[in-house]
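Hello,

Here is the structure you will be working with. Please open it beside this message before reading on.

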Amino acid sequence: ADIPVIPDLEEVQEEDLAMQVAAPPSVQVNRVLTYHDLDKDLMKFAAFQTLDGEVDLKLLTKVLAPEHELREDNVSWDWDHLFTEVSSELVTEWDLGQSERED
């Protein structure tokens, strides 16, 4: 009864893992600005009107396209259809080039 018992390594590891609590992940969340926010900031702050205090960006900001003109519908691409369409256009252009050379 006085003989000490050496515990199995597996038992010790299971006990250690059972008593440990994982620390929660620390994720830094940065707010992503929308186009609308960027447009408001661009027009509101004079700091955006120049670059490095030397380059005047007013002309550029006047001709920037509004967000609604840049938005595109999500269209799924079908590889077979796209390949057929492009190859057909290339063949048509090639045929036109051949007929112009013959004339």
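Below are some notes on the model, its fold and its surface.

This is a predicted model, in which local features need pLDDT of at least 70, side-chain atom pairs count only at pLDDT 80 or more, and totals for chains, interfaces and linings use all residues. Residues are numbered from 1 along each chain as its sequence is written, and side-chain values use heavy atoms, leaving out hydrogens and water.

The pLDDT (the predictor's confidence in each residue, from 0 to 100) averages 77 over the chain, and 79% of the residues score at least 70.

Of the 103 residues in the chain, 4% are buried, meaning under 20% relative accessible area, with exposed over 50% and partly exposed in between (1.4 Å probe, protein chains only). V86 lies in helix 5 and is partly exposed, with a relative accessible area of 41%.

Regards

Key:
Helices (H or I, at least four residues) and strands (E, at least two) are DSSP runs, numbered from the N terminus.
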